[in-house]
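Here is a friendly walk through the model shown below. Have the structure open as you read, and follow along one section at a time.

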Amino acid sequence: MTASDYRKDFPLLQNEDTIYIDNAATAQRPQAVLDAVKVFYETENANPLRGFYPLSLKATESCENARATVRDFIHAASKKEIIFTRNTTEGLNLVAYSYGLSHLKAGDEIAVTIMEHHSNLLPWQMVSRQTGAALKFMECEPDGTLTDETIQTVINEKTKLVAVAQVSNVLGCVNPIEKIVARAHEVGAVVVMDGAQSVPHMPVDVQKLDVDFMAFSGHKLMGPMGIGVLYGKKALLEEMPPFLTGGEMIDSVTREGAVFAELPYKFEAGTVNAAGAAGLAAAIDYLNQVGFDFIQKQELALTQRAMEGLAKVPHVHVMGSENPENHTGIVSFTIEGVHPHDVSEVLASDGIDVRAGHHCAQPLLTYLGIHSSTRASFMFYNTLDEVDAFIKSVASIRRRMGYGE
Amino acid sequence: MESRSFYNEILTEHNLRPEYKHDLPDANIVLEGVNPNCGDDIFLKLKVENDVIEDGAFVGDGCAISQASADIMLGMIVGKTKEEALKLGDMFLRMIQGEATDEEIDQLEEASALKDIAHMPARVKCAVLGWHTLDEAFKKAKENSAS
(Lines give C-alpha, C1' and ligand atoms only; values in the text may rest on other atoms or scores of the structure.)
Protein backbone atom coordinates (compact mmCIF):
# COMPACT_ATOMS: atom_id res chain seq x y z
CA MET A 1 0.00 0.00 0.00
CA THR A 2 1.09 3.57 -0.68
CA ALA A 3 -0.13 6.95 0.54
CA SER A 4 -2.12 7.28 -2.70
CA ASP A 5 -3.99 4.05 -1.90
CA TYR A 6 -4.97 5.33 1.53
CA ARG A 7 -6.11 8.68 0.15
CA LYS A 8 -9.05 6.87 -1.48
CA ASP A 9 -10.40 6.22 2.03
CA PHE A 10 -10.75 9.95 2.73
CA PRO A 11 -13.79 11.60 1.12
CA LEU A 12 -12.47 15.12 1.72
CA LEU A 13 -9.18 14.37 -0.01
CA GLN A 14 -11.19 13.06 -2.97
CA ASN A 15 -13.68 15.95 -3.03
CA GLU A 16 -11.40 18.91 -2.44
CA ASP A 17 -8.61 19.94 -4.73
CA THR A 18 -6.30 21.01 -1.95
CA ILE A 19 -2.94 20.07 -0.47
CA TYR A 20 -3.81 19.59 3.15
CA ILE A 21 -0.68 19.80 5.29
CA ASP A 22 -2.16 21.22 8.49
CA ASN A 23 -2.59 17.84 10.14
CA ALA A 24 -1.18 18.90 13.49
CA ALA A 25 -4.22 21.18 13.77
CA THR A 26 -6.68 18.48 12.80
CA ALA A 27 -6.50 15.40 10.60
CA GLN A 28 -8.95 14.35 7.91
CA ARG A 29 -11.41 11.51 8.54
CA PRO A 30 -11.61 8.24 6.62
CA GLN A 31 -14.98 6.93 5.43
CA ALA A 32 -14.89 4.26 8.16
CA VAL A 33 -15.08 6.97 10.85
CA LEU A 34 -17.92 8.82 9.13
CA ASP A 35 -19.75 5.50 8.76
CA ALA A 36 -19.29 4.58 12.41
CA VAL A 37 -20.87 7.84 13.55
CA LYS A 38 -23.73 7.34 11.10
CA VAL A 39 -24.26 3.73 12.17
CA PHE A 40 -24.44 4.79 15.81
CA TYR A 41 -27.14 7.37 15.13
CA GLU A 42 -29.03 5.14 12.70
CA THR A 43 -29.02 1.90 14.66
CA GLU A 44 -27.75 2.36 18.23
CA ASN A 45 -28.81 5.82 19.37
CA ALA A 46 -30.21 6.09 22.88
CA ASN A 47 -28.83 7.61 26.04
CA PRO A 48 -26.10 5.22 27.12
CA LEU A 49 -25.73 3.89 30.69
CA ARG A 50 -29.23 4.76 31.81
CA GLY A 51 -32.00 2.99 29.92
CA PHE A 52 -32.90 -0.66 30.47
CA TYR A 53 -34.39 -1.19 27.04
CA PRO A 54 -32.38 -2.97 24.33
CA LEU A 55 -31.51 0.19 22.38
CA SER A 56 -29.96 1.88 25.39
CA LEU A 57 -28.01 -1.27 26.15
CA LYS A 58 -26.75 -1.21 22.57
CA ALA A 59 -25.66 2.42 22.99
CA THR A 60 -23.93 1.52 26.24
CA GLU A 61 -22.21 -1.42 24.63
CA SER A 62 -20.99 0.70 21.73
CA CYS A 63 -19.54 3.21 24.15
CA GLU A 64 -17.88 0.57 26.31
CA ASN A 65 -16.44 -1.20 23.29
CA ALA A 66 -14.93 2.11 22.25
CA ARG A 67 -13.44 2.47 25.72
CA ALA A 68 -11.86 -0.98 25.41
CA THR A 69 -10.44 -0.06 22.00
CA VAL A 70 -8.82 3.04 23.52
CA ARG A 71 -7.50 1.03 26.48
CA ASP A 72 -5.80 -1.44 24.16
CA PHE A 73 -4.52 1.32 21.88
CA ILE A 74 -2.64 3.18 24.63
CA HIS A 75 -1.96 0.01 26.64
CA ALA A 76 -3.77 1.09 29.79
CA ALA A 77 -4.29 -1.50 32.51
CA SER A 78 -8.03 -1.02 32.81
CA LYS A 79 -11.09 0.47 31.13
CA LYS A 80 -11.67 2.33 34.39
CA GLU A 81 -8.65 4.45 33.53
CA ILE A 82 -10.14 5.71 30.25
CA ILE A 83 -12.26 8.83 30.63
CA PHE A 84 -14.03 10.28 27.62
CA THR A 85 -13.66 14.06 27.34
CA ARG A 86 -14.22 16.58 24.58
CA ASN A 87 -10.54 16.98 23.74
CA THR A 88 -7.02 17.26 25.13
CA THR A 89 -7.73 20.68 26.62
CA GLU A 90 -10.65 19.33 28.65
CA GLY A 91 -8.60 16.37 29.87
CA LEU A 92 -5.77 18.60 31.06
CA ASN A 93 -8.24 20.97 32.73
CA LEU A 94 -9.86 18.01 34.46
CA VAL A 95 -6.52 17.08 36.02
CA ALA A 96 -5.78 20.70 36.92
CA TYR A 97 -9.13 21.40 38.59
CA SER A 98 -9.55 18.02 40.24
CA TYR A 99 -6.04 16.85 41.11
CA GLY A 100 -4.20 20.17 40.98
CA LEU A 101 -6.47 22.23 43.19
CA SER A 102 -6.87 19.48 45.79
CA HIS A 103 -3.20 18.37 45.99
CA LEU A 104 -1.05 21.47 45.59
CA LYS A 105 -0.36 24.23 48.08
CA ALA A 106 1.91 27.21 48.67
CA GLY A 107 5.53 26.11 48.81
CA ASP A 108 4.99 23.38 46.19
CA GLU A 109 6.23 23.66 42.63
CA ILE A 110 4.72 22.77 39.25
CA ALA A 111 7.25 22.08 36.48
CA VAL A 112 6.29 22.62 32.83
CA THR A 113 8.39 22.84 29.69
CA ILE A 114 8.71 26.10 27.79
CA MET A 115 7.34 24.37 24.70
CA GLU A 116 3.91 23.50 26.10
CA HIS A 117 0.81 24.25 24.08
CA HIS A 118 -1.27 26.87 25.91
CA SER A 119 -3.67 24.07 26.88
CA ASN A 120 -0.95 22.44 29.00
CA LEU A 121 0.18 25.76 30.46
CA LEU A 122 -2.86 27.89 31.29
CA PRO A 123 -4.47 25.22 33.53
CA TRP A 124 -1.24 25.14 35.58
CA GLN A 125 -1.08 28.94 35.72
CA MET A 126 -4.59 28.74 37.17
CA VAL A 127 -3.56 26.10 39.74
CA SER A 128 -0.52 28.20 40.63
CA ARG A 129 -2.63 31.33 41.16
CA GLN A 130 -5.26 29.54 43.23
CA THR A 131 -3.00 27.39 45.41
CA GLY A 132 0.13 29.52 45.67
CA ALA A 133 2.28 26.73 44.18
CA ALA A 134 5.11 28.16 42.04
CA LEU A 135 5.25 27.50 38.29
CA LYS A 136 8.75 26.57 37.04
CA PHE A 137 9.90 26.20 33.44
CA MET A 138 12.16 23.61 31.86
CA GLU A 139 13.79 25.54 29.02
CA CYS A 140 14.93 23.66 25.94
CA GLU A 141 17.93 24.05 23.65
CA PRO A 142 17.20 25.80 20.32
CA ASP A 143 16.63 22.39 18.69
CA GLY A 144 14.08 21.47 21.34
CA THR A 145 16.31 19.23 23.46
CA LEU A 146 15.63 19.13 27.20
CA THR A 147 18.97 18.37 28.80
CA ASP A 148 19.41 15.96 31.71
CA GLU A 149 20.67 18.86 33.74
CA THR A 150 17.51 20.90 33.10
CA ILE A 151 15.33 17.96 34.08
CA GLN A 152 17.37 17.26 37.23
CA THR A 153 17.42 20.90 38.38
CA VAL A 154 13.93 22.13 37.57
CA ILE A 155 12.28 18.98 38.94
CA ASN A 156 13.30 19.00 42.60
CA GLU A 157 12.06 18.01 46.05
CA LYS A 158 9.44 20.79 46.00
CA THR A 159 7.95 19.64 42.68
CA LYS A 160 4.56 18.00 43.04
CA LEU A 161 3.43 17.95 39.42
CA VAL A 162 5.17 17.91 36.04
CA ALA A 163 3.27 18.82 32.84
CA VAL A 164 4.94 17.91 29.56
CA ALA A 165 4.02 17.29 25.94
CA GLN A 166 5.41 14.09 24.47
CA VAL A 167 5.76 15.88 21.13
CA SER A 168 5.95 19.66 20.69
CA ASN A 169 3.29 21.03 18.35
CA VAL A 170 5.77 23.61 17.03
CA LEU A 171 9.13 21.83 16.88
CA GLY A 172 7.85 18.27 16.53
CA CYS A 173 10.60 17.05 18.86
CA VAL A 174 9.97 14.03 21.07
CA ASN A 175 10.61 14.80 24.72
CA PRO A 176 12.45 12.34 26.99
CA ILE A 177 9.34 11.22 28.88
CA GLU A 178 11.06 8.25 30.57
CA LYS A 179 13.75 10.48 32.07
CA ILE A 180 11.22 13.08 33.17
CA VAL A 181 8.98 10.45 34.75
CA ALA A 182 11.93 8.82 36.54
CA ARG A 183 13.01 12.13 38.01
CA ALA A 184 9.45 13.18 38.89
CA HIS A 185 8.69 9.91 40.64
CA GLU A 186 12.01 10.07 42.46
CA VAL A 187 10.86 13.33 44.10
CA GLY A 188 7.26 12.21 44.53
CA ALA A 189 5.68 14.26 41.74
CA VAL A 190 3.02 13.12 39.28
CA VAL A 191 3.47 13.52 35.51
CA VAL A 192 0.72 14.85 33.23
CA MET A 193 1.53 14.13 29.59
CA ASP A 194 -0.03 15.95 26.65
CA GLY A 195 -0.32 13.27 23.99
CA ALA A 196 -2.17 15.37 21.40
CA GLN A 197 0.70 15.36 18.89
CA SER A 198 2.23 11.98 19.73
CA VAL A 199 -0.65 9.51 20.00
CA PRO A 200 -1.64 9.79 16.30
CA HIS A 201 1.94 9.34 15.09
CA MET A 202 3.75 6.78 17.26
CA PRO A 203 2.91 3.82 19.48
CA VAL A 204 2.24 5.12 22.99
CA ASP A 205 2.26 2.76 25.97
CA VAL A 206 1.16 4.59 29.10
CA GLN A 207 2.26 1.76 31.38
CA LYS A 208 5.71 1.54 29.89
CA LEU A 209 6.09 5.34 30.01
CA ASP A 210 4.66 5.17 33.54
CA VAL A 211 3.00 8.60 33.18
CA ASP A 212 0.30 9.32 35.74
CA PHE A 213 -2.06 11.14 33.38
CA MET A 214 -2.21 11.44 29.62
CA ALA A 215 -4.65 13.39 27.46
CA PHE A 216 -5.25 13.31 23.72
CA SER A 217 -7.83 14.42 21.17
CA GLY A 218 -9.80 12.25 18.78
CA HIS A 219 -9.82 14.74 15.93
CA LYS A 220 -6.04 14.78 15.43
CA LEU A 221 -6.24 10.99 15.14
CA MET A 222 -8.82 11.07 12.32
CA GLY A 223 -11.71 10.68 14.77
CA PRO A 224 -14.63 13.09 15.12
CA MET A 225 -14.26 16.52 16.69
CA GLY A 226 -15.57 16.78 20.23
CA ILE A 227 -14.29 13.46 21.56
CA GLY A 228 -11.07 13.07 23.50
CA VAL A 229 -9.54 10.87 26.15
CA LEU A 230 -7.98 11.34 29.53
CA TYR A 231 -5.99 8.42 30.87
CA GLY A 232 -5.22 8.39 34.57
CA LYS A 233 -3.80 5.79 36.93
CA LYS A 234 -6.68 4.20 38.80
CA ALA A 235 -5.27 4.83 42.28
CA LEU A 236 -5.00 8.55 41.54
CA LEU A 237 -8.38 8.88 39.83
CA GLU A 238 -10.09 7.08 42.69
CA GLU A 239 -9.09 9.55 45.34
CA MET A 240 -9.65 12.66 43.18
CA PRO A 241 -12.80 14.75 43.56
CA PRO A 242 -15.10 15.01 40.51
CA PHE A 243 -14.40 17.75 37.99
CA LEU A 244 -17.95 18.37 36.77
CA THR A 245 -20.98 17.21 38.71
CA GLY A 246 -24.51 16.37 37.62
CA GLY A 247 -26.12 13.56 35.68
CA GLU A 248 -24.66 10.12 34.94
CA MET A 249 -21.81 10.47 37.45
CA ILE A 250 -23.64 9.46 40.64
CA ASP A 251 -24.79 6.32 42.40
CA SER A 252 -27.34 8.10 44.58
CA VAL A 253 -28.31 11.64 45.45
CA THR A 254 -30.02 13.00 48.55
CA ARG A 255 -31.08 16.56 49.37
CA GLU A 256 -27.72 17.20 50.95
CA GLY A 257 -25.24 15.22 48.95
CA ALA A 258 -24.42 12.42 46.59
CA VAL A 259 -22.48 9.23 46.29
CA PHE A 260 -20.38 9.47 43.17
CA ALA A 261 -20.30 6.72 40.60
CA GLU A 262 -17.33 4.43 40.20
CA LEU A 263 -14.59 5.03 37.66
CA PRO A 264 -14.61 6.15 34.94
CA TYR A 265 -18.18 7.49 35.20
CA LYS A 266 -17.30 9.73 38.16
CA PHE A 267 -15.53 11.95 35.63
CA GLU A 268 -18.11 11.74 32.85
CA ALA A 269 -20.85 14.06 34.02
CA GLY A 270 -23.71 14.54 31.59
CA THR A 271 -24.47 12.50 28.50
CA VAL A 272 -21.23 11.33 26.95
CA ASN A 273 -20.48 11.83 23.24
CA ALA A 274 -21.24 8.20 22.46
CA ALA A 275 -21.33 8.67 18.68
CA GLY A 276 -17.99 10.44 18.96
CA ALA A 277 -16.62 7.52 20.97
CA ALA A 278 -17.81 5.11 18.27
CA GLY A 279 -16.09 7.29 15.67
CA LEU A 280 -12.90 7.42 17.71
CA ALA A 281 -12.86 3.64 18.00
CA ALA A 282 -13.28 3.39 14.24
CA ALA A 283 -10.40 5.83 13.78
CA ILE A 284 -8.17 3.72 16.04
CA ASP A 285 -9.15 0.56 14.15
CA TYR A 286 -8.33 2.30 10.88
CA LEU A 287 -5.02 3.58 12.22
CA ASN A 288 -4.11 0.08 13.43
CA GLN A 289 -4.96 -1.27 10.02
CA VAL A 290 -2.60 1.19 8.35
CA GLY A 291 -0.10 0.42 11.08
CA PHE A 292 2.50 2.57 12.76
CA ASP A 293 5.24 0.95 10.65
CA PHE A 294 3.83 2.52 7.50
CA ILE A 295 2.73 5.72 9.25
CA GLN A 296 6.15 6.45 10.70
CA LYS A 297 8.01 5.46 7.55
CA GLN A 298 5.83 7.64 5.30
CA GLU A 299 5.75 10.61 7.66
CA LEU A 300 9.53 10.50 7.98
CA ALA A 301 9.92 10.37 4.20
CA LEU A 302 7.65 13.42 3.84
CA THR A 303 9.50 15.32 6.57
CA GLN A 304 12.87 14.47 5.04
CA ARG A 305 11.77 15.66 1.61
CA ALA A 306 10.34 18.88 3.08
CA MET A 307 13.45 19.67 5.14
CA GLU A 308 15.80 18.93 2.26
CA GLY A 309 13.70 21.10 -0.02
CA LEU A 310 13.42 24.01 2.40
CA ALA A 311 17.16 23.89 3.10
CA LYS A 312 17.75 24.77 -0.56
CA VAL A 313 15.50 27.83 -0.51
CA PRO A 314 17.41 31.01 0.42
CA HIS A 315 16.11 33.04 3.38
CA VAL A 316 14.10 30.09 4.76
CA HIS A 317 14.83 28.81 8.27
CA VAL A 318 13.42 25.58 9.68
CA MET A 319 12.83 25.57 13.43
CA GLY A 320 13.94 22.77 15.73
CA SER A 321 16.20 19.79 15.17
CA GLU A 322 18.26 19.28 12.01
CA ASN A 323 17.30 15.62 12.16
CA PRO A 324 13.99 14.87 10.37
CA GLU A 325 13.50 11.92 12.72
CA ASN A 326 13.00 14.36 15.56
CA HIS A 327 10.16 16.29 13.89
CA THR A 328 7.22 13.87 14.03
CA GLY A 329 5.98 15.22 10.69
CA ILE A 330 5.99 18.84 11.90
CA VAL A 331 8.06 21.40 10.00
CA SER A 332 7.82 24.98 11.27
CA PHE A 333 9.72 27.64 9.40
CA THR A 334 10.22 31.34 8.86
CA ILE A 335 11.03 33.32 5.72
CA GLU A 336 13.16 36.42 6.20
CA GLY A 337 11.18 39.57 5.49
CA VAL A 338 7.84 37.86 4.99
CA HIS A 339 5.26 37.68 7.74
CA PRO A 340 3.92 34.11 8.33
CA HIS A 341 0.37 35.26 7.63
CA ASP A 342 1.48 36.41 4.20
CA VAL A 343 3.38 33.16 3.71
CA SER A 344 0.27 31.13 4.41
CA GLU A 345 -1.84 33.44 2.23
CA VAL A 346 0.42 32.91 -0.77
CA LEU A 347 0.49 29.16 -0.10
CA ALA A 348 -3.31 29.22 0.14
CA SER A 349 -3.52 30.91 -3.26
CA ASP A 350 -1.58 27.90 -4.58
CA GLY A 351 -4.03 25.54 -2.88
CA ILE A 352 -1.79 24.59 0.04
CA ASP A 353 -3.16 24.56 3.59
CA VAL A 354 -0.73 25.35 6.42
CA ARG A 355 -0.93 27.00 9.80
CA ALA A 356 0.57 30.41 10.54
CA GLY A 357 0.90 32.26 13.81
CA HIS A 358 2.12 31.42 17.28
CA HIS A 359 0.61 27.90 17.24
CA CYS A 360 -0.82 28.36 20.75
CA ALA A 361 2.73 28.21 22.11
CA GLN A 362 3.61 31.87 22.58
CA PRO A 363 6.10 31.38 25.44
CA LEU A 364 8.16 29.02 23.24
CA LEU A 365 8.25 31.42 20.31
CA THR A 366 9.12 34.33 22.58
CA TYR A 367 11.87 32.20 24.16
CA LEU A 368 13.26 31.36 20.70
CA GLY A 369 13.06 35.04 19.71
CA ILE A 370 10.48 34.49 16.99
CA HIS A 371 7.22 36.38 16.78
CA SER A 372 5.38 33.80 14.73
CA SER A 373 6.04 31.11 12.17
CA THR A 374 4.47 28.99 9.47
CA ARG A 375 3.92 25.28 10.09
CA ALA A 376 3.48 22.41 7.68
CA SER A 377 2.48 19.13 9.32
CA PHE A 378 2.21 15.83 7.52
CA MET A 379 0.09 12.73 7.82
CA PHE A 380 0.75 9.36 6.19
CA TYR A 381 -1.83 10.15 3.48
CA ASN A 382 0.25 13.05 2.18
CA THR A 383 2.44 12.38 -0.85
CA LEU A 384 5.92 13.39 -1.92
CA ASP A 385 4.33 15.21 -4.87
CA GLU A 386 2.41 17.34 -2.40
CA VAL A 387 5.63 18.15 -0.54
CA ASP A 388 7.29 19.12 -3.83
CA ALA A 389 4.42 21.47 -4.69
CA PHE A 390 4.72 22.99 -1.22
CA ILE A 391 8.46 23.57 -1.62
CA LYS A 392 7.97 25.09 -5.06
CA SER A 393 5.39 27.50 -3.68
CA VAL A 394 7.58 28.44 -0.70
CA ALA A 395 10.49 29.12 -3.07
CA SER A 396 8.33 31.61 -5.01
CA ILE A 397 7.11 33.60 -2.02
CA ARG A 398 9.80 36.26 -1.63
CA ARG A 399 9.61 37.08 -5.33
CA ARG A 400 5.83 37.32 -5.18
CA MET A 401 6.11 39.59 -2.16
CA GLY A 402 8.14 42.09 -4.14
CA TYR A 403 11.72 41.04 -3.40
CA GLY A 404 14.06 40.68 -6.34
CA GLU A 405 15.06 37.19 -7.44
CA MET B 1 1.02 25.86 -11.19
CA GLU B 2 1.54 29.27 -9.65
CA SER B 3 -1.71 31.16 -9.33
CA ARG B 4 -2.14 34.91 -9.19
CA SER B 5 -1.84 35.91 -5.57
CA PHE B 6 -3.58 38.73 -3.82
CA TYR B 7 -0.32 40.60 -3.34
CA ASN B 8 -0.20 43.07 -6.22
CA GLU B 9 2.63 45.52 -6.83
CA ILE B 10 0.96 48.38 -4.97
CA LEU B 11 0.75 46.30 -1.82
CA THR B 12 4.23 44.83 -1.96
CA GLU B 13 5.74 48.24 -2.70
CA HIS B 14 4.06 49.90 0.27
CA ASN B 15 5.04 46.94 2.46
CA LEU B 16 8.70 46.77 1.44
CA ARG B 17 9.32 50.50 0.92
CA PRO B 18 6.84 52.35 3.10
CA GLU B 19 6.90 56.13 2.93
CA TYR B 20 5.30 56.81 6.28
CA LYS B 21 6.80 54.08 8.48
CA HIS B 22 8.95 56.14 10.81
CA ASP B 23 8.79 58.02 14.07
CA LEU B 24 7.06 61.41 14.29
CA PRO B 25 8.46 63.27 17.30
CA ASP B 26 6.08 66.22 17.07
CA ALA B 27 2.93 64.11 16.84
CA ASN B 28 0.15 65.28 19.14
CA ILE B 29 -2.10 62.23 18.69
CA VAL B 30 -0.61 58.75 19.16
CA LEU B 31 -2.58 55.53 19.41
CA GLU B 32 -1.67 51.85 19.34
CA GLY B 33 -3.76 49.51 17.22
CA VAL B 34 -3.52 45.74 17.73
CA ASN B 35 -4.98 42.63 16.15
CA PRO B 36 -4.58 40.20 19.07
CA ASN B 37 -5.27 37.16 16.88
CA CYS B 38 -2.46 37.68 14.43
CA GLY B 39 -0.17 40.00 16.32
CA ASP B 40 -0.35 42.96 13.95
CA ASP B 41 0.67 45.93 16.04
CA ILE B 42 1.01 49.55 14.92
CA PHE B 43 1.42 52.94 16.56
CA LEU B 44 -0.34 55.61 14.55
CA LYS B 45 1.18 59.08 15.02
CA LEU B 46 -0.56 62.23 13.84
CA LYS B 47 0.19 65.92 14.01
CA VAL B 48 -3.17 67.64 13.89
CA GLU B 49 -3.65 71.42 13.97
CA ASN B 50 -7.09 73.03 13.69
CA ASP B 51 -8.58 69.72 12.56
CA VAL B 52 -6.08 69.43 9.70
CA ILE B 53 -3.73 66.41 9.60
CA GLU B 54 -0.49 68.26 8.95
CA ASP B 55 1.71 65.18 9.22
CA GLY B 56 1.40 61.51 10.03
CA ALA B 57 3.44 58.34 10.38
CA PHE B 58 3.33 54.84 11.86
CA VAL B 59 5.68 52.33 13.41
CA GLY B 60 5.03 48.69 14.18
CA ASP B 61 5.08 45.10 13.03
CA GLY B 62 2.69 42.93 11.18
CA CYS B 63 1.78 41.26 7.95
CA ALA B 64 2.17 42.93 4.58
CA ILE B 65 -1.52 43.74 4.39
CA SER B 66 -1.64 45.61 7.70
CA GLN B 67 1.59 47.49 7.03
CA ALA B 68 0.84 48.39 3.41
CA SER B 69 -2.70 49.44 4.24
CA ALA B 70 -1.49 51.78 7.00
CA ASP B 71 1.12 53.29 4.68
CA ILE B 72 -1.42 53.83 1.89
CA MET B 73 -3.83 55.37 4.38
CA LEU B 74 -1.28 57.90 5.60
CA GLY B 75 -0.48 58.89 2.02
CA MET B 76 -4.14 59.66 1.54
CA ILE B 77 -4.94 61.50 4.75
CA VAL B 78 -1.91 63.73 5.32
CA GLY B 79 -2.97 67.25 4.32
CA LYS B 80 -6.66 66.44 4.65
CA THR B 81 -9.04 67.60 7.34
CA LYS B 82 -10.14 65.23 10.05
CA GLU B 83 -13.59 65.18 8.47
CA GLU B 84 -12.24 64.22 5.04
CA ALA B 85 -10.02 61.52 6.53
CA LEU B 86 -12.86 59.94 8.44
CA LYS B 87 -15.01 60.02 5.32
CA LEU B 88 -12.31 58.13 3.42
CA GLY B 89 -12.12 55.66 6.31
CA ASP B 90 -15.84 55.08 6.10
CA MET B 91 -15.59 54.51 2.36
CA PHE B 92 -12.70 52.11 2.86
CA LEU B 93 -14.63 50.04 5.38
CA ARG B 94 -17.60 49.88 3.03
CA MET B 95 -15.32 48.84 0.18
CA ILE B 96 -13.99 45.99 2.35
CA GLN B 97 -17.56 44.93 3.07
CA GLY B 98 -18.25 44.97 -0.65
CA GLU B 99 -20.72 47.87 -0.29
CA ALA B 100 -18.91 50.80 -1.90
CA THR B 101 -19.89 52.14 -5.33
CA ASP B 102 -17.40 52.13 -8.21
CA GLU B 103 -17.18 55.88 -7.89
CA GLU B 104 -16.24 55.62 -4.23
CA ILE B 105 -13.67 52.94 -4.98
CA ASP B 106 -12.10 55.34 -7.51
CA GLN B 107 -11.86 57.99 -4.82
CA LEU B 108 -9.93 55.55 -2.65
CA GLU B 109 -7.07 55.67 -5.15
CA GLU B 110 -4.28 53.25 -4.09
CA ALA B 111 -6.34 51.93 -1.19
CA SER B 112 -8.58 50.31 -3.77
CA ALA B 113 -5.74 47.82 -4.29
CA LEU B 114 -7.17 46.14 -1.18
CA LYS B 115 -10.62 45.75 -2.69
CA ASP B 116 -10.40 41.97 -3.09
CA ILE B 117 -9.88 41.48 0.61
CA ALA B 118 -13.66 41.41 0.82
CA HIS B 119 -13.26 37.76 -0.26
CA MET B 120 -10.67 36.99 2.43
CA PRO B 121 -12.52 37.21 5.75
CA ALA B 122 -9.48 36.10 7.76
CA ARG B 123 -7.48 39.12 6.57
CA VAL B 124 -10.07 41.89 6.79
CA LYS B 125 -8.83 42.90 10.23
CA CYS B 126 -5.29 43.34 8.88
CA ALA B 127 -6.51 45.68 6.12
CA VAL B 128 -8.64 47.85 8.40
CA LEU B 129 -6.19 48.08 11.32
CA GLY B 130 -4.79 51.46 10.25
CA TRP B 131 -8.18 52.96 9.43
CA HIS B 132 -9.72 51.60 12.58
CA THR B 133 -6.89 53.03 14.67
CA LEU B 134 -7.36 56.40 12.93
CA ASP B 135 -11.02 56.42 13.88
CA GLU B 136 -10.22 55.47 17.49
CA ALA B 137 -7.44 58.05 17.69
CA PHE B 138 -9.82 60.87 16.79
CA LYS B 139 -12.42 59.59 19.24
CA LYS B 140 -9.81 59.46 22.03
CA ALA B 141 -8.55 62.93 21.15
CA LYS B 142 -12.09 64.26 21.34
CA GLU B 143 -12.68 62.64 24.74
CA ASN B 144 -9.43 64.07 26.05
CA SER B 145 -10.22 67.59 24.89
CA ALA B 146 -13.73 67.35 26.39
CA SER B 147 -12.51 66.30 29.83
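## Ground rules

Helices (H or I, at least four residues) and strands (E, at least two) are DSSP runs, numbered from the N terminus. Axes are lines fitted to C-alpha atoms, for helices over the stretch in contact, and angles run from 0 to 180 degrees between N-to-C directions. Two residues are in contact if their C-beta atoms, placed from the backbone, lie within 7 Å.

This is a predicted model, in which local features need pLDDT of at least 70 and side-chain atom pairs count only at pLDDT 80 or more, while totals for chains, interfaces and linings use all residues. Residues are numbered from 1 along each chain as its sequence is written, and chains are lettered from A and ligands numbered from 1 in the order in which they are written.

## The domains of chain A

For chain A, the domain assignment (bounds come from an automatic or database assignment) gives domain 1 as 33-287 and domain 2 as 291-400. Taken over C-alpha atoms, the centres of domain 1 and domain 2 of chain A are separated by 29 Å.

Between these domains of chain A, 21 residues of domain 1 are in contact with 21 residues of domain 2. On the domain 1 side there are eleven nonpolar, seven polar and three charged residues. In these classes, Ala, Val, Leu, Ile, Met, Phe, Trp, Tyr, Cys and Pro count as nonpolar, Asp, Glu, Lys and Arg as charged, and the others, Gly among them, as polar.

## A four-stranded sheet in chain A

Strands of a sheet pair through backbone hydrogen bonds, either parallel or antiparallel. Here, two strands count as paired if DSSP finds at least two bridges between them. In chain A, four strands make an open sheet with antiparallel pairing, in the order E11-E12-E15-E14. Strand E11 (316-318) and strand E14 (355-357) of chain A each have a single partner strand, so one side of each has no neighbour in the sheet. From one strand to the next, the twist averages 30 degrees.

E11(A) and strand E12 (residues 330-335) of chain A run antiparallel and are joined by three bridges. A:Val316 has A:Ile335 in E12(A) as its bridge partner. Lying across E11, E12 and strand E15 (373-377) of chain A is helix H12 (residues 292-311) of chain A, which runs at about 15 degrees to E12(A).

Helix H5 (residues 88-103) and helix H6 (residues 122-131) of chain A pack with their axes 9 Å apart, at an angle of about 20 degrees. H5(A) and H6(A) are therefore roughly parallel to each other; angles under 35 degrees count as roughly parallel, over 145 as roughly antiparallel, 65 to 115 as roughly perpendicular and the rest as oblique. Among the residues that make the contact are A:Leu92 and A:Ala96 of H5(A), and A:Trp124 and A:Val127 of H6(A). The contact of H5(A) with H6(A) has seven nonpolar, four polar and no charged residues.

Which peptide bond is cis, with omega near -5 degrees? The bond from A:Leu263 to A:Pro264 is, and A:Pro264 sits in the loop between strand E10 (258-260) and helix H11 (274-290) of chain A. A:His75, although not a glycine, has a positive phi of about 60 degrees. A:His75 lies in the loop between helix H4 (54-74) and strand E2 (82-85) of chain A.

## Chain B: sheet and helices

Chain B has an open sheet of three strands, ordered E1-E2-E3, with antiparallel pairing. Its edge strands are strand E1 (29-35) and strand E3 (52-61) of chain B, each pairing on one side only. Strand E2 (residues 40-49) of chain B pairs with E3(B) in the antiparallel sense over nine bridges. B:Phe43 has B:Val59 in E3(B) as its bridge partner. Helix H2 (residues 64-77) of chain B packs on the sheet and touches E2 and E3 of chain B, its direction making about 170 degrees with that of E3(B).

H5(B) lies across E1, E2 and E3 of chain B, at about 145 degrees to E1(B). Helix H3 (residues 82-96) and helix H5 (residues 124-146) of chain B pack at about 155 degrees, with their axes 10 Å apart. That makes H3(B) roughly antiparallel to H5(B).

## Where the chains meet

Between the chains, 16 residues of chain B are in contact with 14 residues of chain A. Helix H1 (residues 9-16) of chain B gives the most to the chain B side, with four residues. That side of chain B divides into six nonpolar, six polar and four charged residues.
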